[in-house]
Amino acid sequence: MLNKTIVKLAIPLAVGALALTACSSDSGGGGDTLKIAFQGPLSGDNVALGENMQNGVKLAIDQANAKGDLGVKLEYVAADDQGLPDKATAAAQKVIDDESIVAVVGPAFSGPTNTSSPLYTEAGMVTVSPSATNPTLTDPKNGFKSLLRGVPNDNQQGAAMATYYAKKLKAKKVYLIDDKTDYGTGLAGVAEKGLKDAGIQVVRKAVPQKTPDYSATAKDVVNSKADALIYAGYYQDAAPFAKKLKDAGYKGAAISGDGTNDAKFIELAGDASEGWFLTCPCTDATVEAGTKKFTADYQKAFNRAPGTYSAEAYDIANMIIEQIRAKKGDVEREALRDALAKATYKGLTKSFSFDENGEFKGTDVYLYQVKGGKIGYLGNVNQLAG
């Protein structure tokens, strides 16, 4: 974790001025512009997850502009952090330095959220993440007063994995691997506790991202005689690991989280992805009745189906836009942050509201499975587990 004192010293003195006002003129004329940013991986190994969310934000902005009832024009700003903590401060500073930006959808990943949140807090800039799930991010000790989490955290997702293995698959021994990221270690820690509480034997191993060869780890899994596996990490590493597991002859169940829940996992892993379970505190926008129109609009705009967290990012952008509309385009950063923290918004995917620490008020986690080269939606994990 980047030392907060160092981070604060890195912020230009101009930030105080930037945080004061980003508003339209008294007349609220159509020539004024406000901007909403998205911070996430828009290049690098996990770009597909970032593009899913970016497109959801863009669609919400385009539709709001077409409606024309805000009194201002909205613009989208991309802040690429590559999903890496050491790139996050520069991405956040770029956003903060633009006086026209009033809110951020994101950061997308937990590590960059942890690194950039002190800067956003100092600037009074609200950030609403559709997907940063490490449970510790909303700990009051962090002082991340500008962070709102728009998704159930990994206390729910990790517990859901454990529940499904314990109650539905009746697993006896689980091999649990994390990728040493903030996201992976947090998710694995919760899953481990849930598995042990259910009386399941756990073998825990940490294997860092971008490991060049997963052969040894795959052999360890097979030799352990575990009947189930959890991989807590992202698709870029889950895919080569899945290939090595298949080569090693692993026959047990395998499950990974929202970091792997993307079509890129199948593209990179090929038939080694078949049968894998994937969890996500997100629904499938292409299946749920409430998101059918969104799916059609998204397909028309981007010539592709929405992916993981596309609809959630769209909802969060619209939640921000609703507050801009209520203020008739006269928006000040800190006031917008405070309004969103107290707001309740009924989106397409769920109802959004936050507790006093910025934590999302909701617990639902959903299960998917790769079948026939596609990710299939199975439903609510707890309901499936019985």
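1. Start with the disulfide. The link between Cys280 and Cys282 is right-handed, with 115 degrees about the S-S bond. The two sulfur atoms lie 1.9 Å apart. A disulfide is a covalent bond between the sulfur atoms of two cysteines. The count for this structure comes to one disulfide. Keep in mind that the model is predicted.

2. Next, the domain record. UniProt, in an unreviewed entry, lists residues 33–374 as "domain: Leucine-binding protein". Over residues 33–374, the chain is 43% helix and 19% strand.

3. Now the helix pairs. Two packed helices are described by the angle between their axes and the distance between the axes. Look for both values in each pair below.

4. Take α4 and α5. Helix α4 covers residues 85–97, and helix α5 covers residues 110–123. They pack at an angle of about 30 degrees, and their axes are 8 Å apart. Angles under 35 degrees count as roughly parallel, and α4 and α5 are therefore roughly parallel to each other. Their crossing is right-handed. On the α4 side, the contact residues are Pro85, Ala88, Thr89, Ala91, Ala92, Gln93, Val95 and Ile96. On the α5 side, they are Gly111, Pro112, Thr115, Ser116, Leu119, Tyr120 and Ala123. By class, this contact has ten nonpolar, five polar and no charged residues.

5. Then α8 and α9. Helix α8 spans residues 215–224, and helix α9 spans residues 235–248. The angle here is about 50 degrees, with the axes 8 Å apart. The two helices are therefore oblique to each other. The crossing of α8 and α9 is right-handed. From α8, the residues in contact are Ser215, Thr217, Ala218, Lys219, Val221 and Val222. From α9, they are Phe241, Lys244, Leu245 and Ala248. This contact has six nonpolar, two polar and two charged residues.

6. Last, α12 and α13. Helix α12 runs over residues 310–326, and helix α13 over residues 333–342. Their axes come within 10 Å and cross at roughly 120 degrees. α12 passes α13 in a right-handed crossing. Met319, Ile320 and Gln323 of α12 meet Leu336, Ala339 and Leu340 of α13. Five of these contact residues are nonpolar, one is polar and none is charged.

7. A check for the reader. Which residues of α13 does α12 meet? Find Leu336, Ala339 and Leu340 in the structure.

Methods: Residues numbered from 1 in each chain as written. Predicted model: local features only at pLDDT ≥ 70, side-chain atom pairs only at ≥ 80, totals over all residues. Heavy atoms only, no water. Axes fitted to C-alpha atoms, helices over the stretch in contact; angles between N-to-C directions. Helix = DSSP H or I, 4+ residues; strand = E, 2+ residues; numbered from the N terminus. Parallel < 35°, antiparallel > 145°, perpendicular 65-115°, else oblique. Left-handed = near helix turned anticlockwise from the far one by under 90°. Contact = heavy atoms within 4.5 Å. Nonpolar A, V, L, I, M, F, W, Y, C, P; charged D, E, K, R; others polar. UniProt positions renumbered as here; feature names shortened; annotations may be inferred. Disulfide = S-S within 2.5 Å.
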